[in-house]
Amino acid sequence: MQYVSTRGAAPAVGFADVLLTGLAPDGGLYVPDAWPRLDQPGEGATYAEVATDVMWPFVDGAIGRDDFASMVVDAYATFHHRDVCPVAPLGDGLWLCELFHGPTLAFKDVALQLVGRLFDHELTRRGERATIVVATSGDTGSAAIEACRGRSSLDIVVLHPRGRVSDVQRRQMTTVDEPNVHNVAIEGTFDDCQDLVKALFADVAFRDKVRLSAMNSINWARVMAQTVYYVTSHRAVHGSGGMAPISFAVPTGNFGNVFAGWVARQMGLPIEQLVVASNTNDILTRWLDSGTMSLADVVPTLSPSMDIQVSSNLERLLFELAGRDGATVARQLEQFRAEGAVRLPDEAMAEVREVFRGVRLDDEATLAEIRSLHDRSGRFVDPHTAVGLGAARQVHTDPDVPMVVLATASAAKFPDAVEQATGERPELPSWLADLHDRPERVSVLDNDLDQVRSFVLDRVAG
């Protein structure tokens with residue numbers, strides 16, 4: 001498998017280089033040069049076995065099959081449920097895929113527990129060390145830290161928007177006491193943090209000096225690992241070997257999680273519809289409705305991981321819509337950055353709407369979904385999952401096509417919102433029970449590239 005840039009001006013490379021570099025030299029995102037077909041595992045296959053089979057075409061030639069399978073097994077042994085990503089019926093044709101049984105209680109663990117091991121394997125093989133710089137809107141940071149902590153081949157620096165993540169999300173990052181872990185609270189939004197990371201990658205001398213790499217969803221390995229739970233969800237609902245249709249509702253801000261569903265569909269999974277569930281920060285919903293991507297101010301909400309107005313992974317879909325013409329994508333993104341808006345051709349939007357549907361929920365509707373599900377079943381869901389659930393209820397009309405809502409985080413990560421909705425406060429699991437008593441380690445910086453660059457150099461260079 002070779003990988004090409006979405007902006008068309010970088011040479012094709014193999015998986016190992018895609019893993020370690022994250023962003024292509026021309027500023028684009030890497031995608032496979034062709035989409036493989038799913039190799040359906042047999043009856044009774046474990047999550048790790050399915051994951052190995054689904055992902056193998058993407059890594060073949062870069063890692064030995066036995067080594068890869070071992071890393072997959074090791075990654076998912078860290079989860080606190082034997083099915084890793086179990087699927088539960090909610091009634092009325094709706095299902096819930098629980099993606100929060102990993103060590104940091106969020107879906108980012110599903111990819112990053114594997115990605116951390118892949119990094120360690122490849123860097124050790126090369127005799128090299130790398131610096132991971134991550135922008136997070138809440139969950140990626142703690143999951144990346146958990147994947148990297150204590151690894152001799154990696155330093156990690158995580159940027160989060162100060163005051164715009166939940167207390168639990170922040171503490172899961174800032175209470176990790178490891179010499180290779182560095183936390184920065186940026187005076188700004190998640191989009192500001194993401195722009196800072198992209199600017200660091202654009203500084204070639206700096207990038208080479210600290211051997212910069214990324215674990216955000218701009219890294220293809222993240223998307224690759226997330227395709228797996230679409231396949232296992234289909235198996236849980238329909239059984240192995242069947243090809244009956246299925247739909248998914250996905251809470252999303254950066255478009256990576258839902259794009260993984262599109263990849264699974266390209267590989268042959270019979271996905272009929274992908275519902276893009278947004279909060280008030282609804283650039284994706286507005287784009288799906290109008291055909292125009294247009295910037296707006298980021299509004300703080302009860303679902304802070306989705307408080308985004310620049311959805312980086314959308315670039316991968318734009319590449320496909322442009323017939324894999326990287327020059328077209330580069331022009332579209334240049335216009336978007338310069339003017340704050342770009343309109344896609346009508347034929348491209350018609351193709352998008354065959355699969356994607358956008359729905360937005362404000363905070364009031366989000367709380368209503370949390371309350372309603374709890375009243376009916378006693379089950380807690382976090383506000384991000386509630387956005388996905390509300391979107392699913394709005395659009396799911398075909399009883400013959402089940403719809404799976406991706407539950408992206410544990411309710412215990414957002415106890416204030418859940419308590420506001422239900423009057424009850426979900427508790428953290430036992431291994432995090434003392435989280436609020438642990439000391440924090442974090443630096444506060446302005447939204448300033450020079451400050452951030454100096455911070456990274458001071459902590460990791462040499």
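**Exercises on burial, salt bridges and a sheet**

R149 is partly exposed, with a relative accessible area of 32%. In this scheme, buried means under 20% relative accessible area, exposed over 50% and partly exposed in between, using a 1.4 Å probe and protein chains only. The model is predicted: local features need pLDDT of at least 70, side-chain atom pairs count only at pLDDT 80 or more, and totals for chains, interfaces and linings use all residues. Residues are numbered from 1 along each chain as its sequence is written, and side-chain values use heavy atoms, leaving out hydrogens and water.

**Exercise 1.** Identify the salt bridge of E178 and state which parts of the chain the pair ties together.

*Solution.* 
Step 1. A salt bridge requires a side-chain nitrogen of Lys or Arg within 4 Å of a carboxyl oxygen of Asp or Glu.
Step 2. E178 belongs to the loop between α6 and β7 (181–187), and R149 to the loop between α5 (139–148) and β6 (154–161), so the pair ties together parts 29 residues apart in sequence. The names follow DSSP runs numbered from the N terminus: helices are H or I with at least four residues, strands E with at least two.

**Exercise 2.** Which residues of helix α18 are buried, and why do they line one face?

*Solution.* 
Step 1. In α18 (residues 415–422), the buried residues are P415, A417, V418, A421 and T422.
Step 2. Viewed down the axis of α18, these residues fall within an arc of 165°, so they line one face of the helix. The arc is that of the directions from the helix axis to the C-beta atoms.
Step 3. The buried residues of α18 pack against α6 (167–174), α16 (363–377) and α17 (383–395), where contact means heavy atoms within 4.5 Å.
Step 4. After α18 comes G423, whose phi is positive, near 80°.

**Exercise 3.** Give the strand order of the six-stranded sheet and name its edge strands.

*Solution.* 
Step 1. The open sheet has the order β3-β4-β14-β9-β10-β13, with mixed pairing. Two strands pair if DSSP finds at least two bridges between them.
Step 2. β3 (87–91) and β13 (356–360) are the edge strands, each pairing on one side only.
Step 3. Within the sheet, strands β4 (residues 94–98) and β14 (residues 403–407) run parallel and are joined by five bridges. The bridge partner of C97 in β14 is L406.
Step 4. Helix α12 (residues 283–290) lies across β10 (271–278) and β13, running at about 130° to β13. Axes are lines fitted to C-alpha atoms, for helices over the stretch in contact, and angles between N-to-C directions run from 0 to 180 degrees.
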